[in-house]
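Colleague: I have a model open and want to learn to read it. Can we go feature by feature?

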Amino acid sequence: MRPERRSRYEELERLLGRVERPSRYVDHEWGAAHDEASDFRVCLMYPDTYEVGQSNLGLAILYSVLNEQDGMACERSYLPWVDLADLMREKGLPLLSLESSFPVASFDVLGFSIAHELVGTNILEALDLAGIALRGDERDEDDPIVIGGGPSVYNPEPLAPVFDAILLGDGEEAIVEMARAVRDGRRAGLPRREIVSGLASVDGVYVPSSYRIAVDAGTTRWGRAVPVEGAGAPAVVRKRVLAALSATPAVPRQVVPYSEVVFDRLAIEVLRGCARGCRFCQAGMTYRPVRERPEGQVVSAALEALGQTGYDEVSLTSLSTTDHSACAHMLTSLNRSLEGTGTSVSIPSQRLDSFGVEMAAACHSGGKRSGLTFAPEAGTQRLRDVINKNVTEDDLMGAAARAFGNGWRRMKLYFMIGLPTETDEDVLAIPQLAERVVGLGRELVPKPQRSAVSVSVSVAVFVPKSWTPFQWEGQLPLGEVRRRQGLLLRACRDRSIRVSYHDPEASQVEAVLSRIGREGFGLVEAAWRGGCRFDAWTERFSYPAWRDAARSVGIDLDEVASAPYDRASDLPWDHVSPGISKGFLEREAIRAQRGATTPDCTRTSCTGCGVCQELDVANDLAGERR
Ligand code: SF4
């Protein structure tokens, strides 16, 4: 039975004195939407703590869009940290929404953001705390329709049994259509089963219960998802895509937190999509085509929202902000308008070959000197060509020189180990490159400040992701990852270089969940039942618990992460398409083996990824890219 829609805040408040960071759970931030009258209610859940999820731009956009609909109210919920979750279970208090403190299970729709592969146990924890069955096929008529969406949906199978429906691609229009379909279905008294299967008629929506898994000689061991006879579901669900970003507001409704959050600043999405074509990058493949927001829209929205919110920093976000055709000009005009206000402008990471002098000066002029971040990804040119990074050491040195020359002293460099074809020589080239950057800094920075020159080297482990040219590759075995990490660490002798690693064991679990089929749900459920949650938090991740879970369901983590897939086989995710053609990915995989690069189609001409033809869209640039 659906729980009553009434505030349970008083019961929650009694527990807050006993938990860490109680401000995570307190409502009434500036700008939050309060509408307790609407009878159709959606709860958007970011399955991590408040401070991680509050600044998520995707969720903020959907929150904004849904609250603009007549007769619909949208609220947020975040996952309580383990201390509060334990207390809530002890007291019989279910998971609540933030704004009204209504039980999450009393909403009509519960939407989860699926930000990455390790979030699965948190989603199960949220459902269990809410008192909602973990599997879609076990839910009651009155339970919310549970939907998912976000960046990590292009192998939906390990979480497919959880979701009634999964949205692929841009959500601004589709979320409204989905909510209306549920509302109309409820009003018409349709059974839950029919409402769920009806969601498949919304473009971009995958309804897992309308597909069964078929395993045969043409598939991997995890099989392929095929429509259940009579379900009326398409063989392949294509993602939803917005033709132009300029048609959407540059800044969604702002909710200003009163406690510290991970990204405590105004964020403006200046472009969506990336056509650089890095062969390991899932977002680069799945967010195409490129759509730029016009400069004027960004600048006026930024000034207006800064005035309203009081933030002292604006971040121009996207997959590759410095690629925006008007990036340098946009930074300069924002800085000019903000002069004397103490407000700074930042960009999350800087593309090496498009980080120009103007950008170096403009990013700095706001006064904050946190580090600059560049991502060469690999230490040698050979390997950068294999991954199609299309940047050279000269690009790195040029960008570093501009940064040092404009007052920056600290730099962060991102690399990956375990990339296809990597050798020890490639690994050893990483610290050598970092040493040359530090050396350059010492040459360019005035003597009294030289000791401040430092480089942080962050080394992730390559995880093969669906819908990339490397989707057929296996991950490097754990022992070999550790050997290469040791090699790199021992080769790094300069004290101005700090090396940090991603946990190879968490990366292995990420690889398993990126590659496995629907059977992966058993693994996620066993891990959650074994106590796993907040797996993306280093201090919470327990490899022994994941190993035990894998053993209990007959899955070998080493084998699933490392075994390559046959290019001729149907893959577990072939039924959910971001629009890229599999033929393009295969050609790119072959070019990678030869070290042949492929140019960026926004600077040359179409390179045949297929998105524009498949989805009837085109790159939408605000100006010419150079
Ligand atoms: S179809 Fe061509 S122009 Fe469109 S994103 Fe792909 S490569 Fe670029």
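Modeller: Start with contacts. Two residues are in contact if their C-beta atoms, placed from the backbone, lie within 7 Å. Leaving aside neighbours within four places in sequence, glycine 131 is in contact with Pro94 and Ala105. The C-alpha atoms of glycine 131 and proline 94 are separated by 6.7 Å, and the two are 37 residues apart along the chain.

Colleague: What kind of model is this, and how are residues numbered?

Modeller: This is a predicted model: local features need pLDDT of at least 70, side-chain atom pairs count only at pLDDT 80 or more, and totals for chains, interfaces and linings use all residues. Numbering runs from 1 along each chain as its sequence is written.

Colleague: How are helices and strands assigned? And where does glycine 131 sit?

Modeller: Both are DSSP runs, numbered from the N terminus: helices are H or I with at least four residues, strands are E with at least two. Glycine 131 is in the loop between α5 and β4 (145–149).

Colleague: Is glycine 131 buried, exposed or partly exposed?

Modeller: Count the other C-beta atoms within 10 Å of the residue's own, all placed from the backbone: 20 or more is buried, 12 or fewer is exposed, in between is partly exposed. Glycine 131 has 14 such neighbours, so it counts as partly exposed.

Colleague: Which residues does valine 251 contact?

Modeller: Beyond four places in sequence, valine 251 contacts Ile268, Ala301 and Ala305. Valine 251 lies in the loop between β9 (237–238) and β10 (266–269). It is buried, because 24 other C-beta atoms lie within 10 Å. For a distance, take glycine 120: it is 131 residues from valine 251 in sequence and 29 Å away in space, C-alpha to C-alpha.

Colleague: Now helices. How do I check the length of α16?

Modeller: Compare the span with the expected one, which is 1.5 Å times one less than the number of residues. Helix α16 (residues 504–515) has 12 residues and reaches 16 Å from first C-alpha to last, close to the 16 Å expected. Helix α6 (residues 174–187) has 14 residues and reaches 20 Å, close to its expected 20 Å.

Colleague: How many residues of α16 are buried?

Modeller: 11 of the 12 are buried, so α16 is largely enclosed by the rest of the structure. Among them are Pro504, Gln508, Glu510 and Arg515. The buried residues pack against α5 (120–130), β17 (454–461), α15 (478–491), α17 (520–529), α18 (543–552) and α19 (557–562).

Colleague: Which residues of α6 are buried?

Modeller: An α-helix has 3.6 residues a turn, so residues three or four places apart point the same way. In α6 the buried residues are Ala174, Ile175, Met178, Ala179, Ala181, Val182 and Arg183. Just after α6, glycine 189 takes a positive phi of about 75°.

Colleague: Which residues other than glycine have a positive phi?

Modeller: Threonine 421 is one, with phi of about 75°. Its place is in the loop between β16 (410–417) and α14. Threonine 421 has 13 C-beta neighbours inside 10 Å, so it is partly exposed. Phenylalanine 534 is another case, with phi near 50°. Phenylalanine 534 sits in the loop between α17 and α18, and with 21 C-beta neighbours inside 10 Å it counts as buried.

Colleague: At what angle do α13 and α14 pack?

Modeller: Axes are lines fitted to C-alpha atoms over the stretch in contact, and angles run from 0 to 180 degrees between N-to-C directions. Helix α13 (residues 393–405) and helix α14 (residues 424–444) pack at about 35°, with axes 10 Å apart. The contact includes Leu396, Met397 and Phe404 of α13 and Leu433, Val437 and Leu440 of α14.

Colleague: And what surrounds the ligand?

Modeller: A residue is near a molecule if its C-beta atom, placed from the backbone, lies within 6 Å of it. The shell includes Arg288, Pro289, Cys601, Cys606, Cys609, Cys612 and Asn619. A cis peptide bond joins arginine 288 and proline 289, with omega about 0°. Proline 289 lies in the loop between α8 (282–286) and β12 (291–292).
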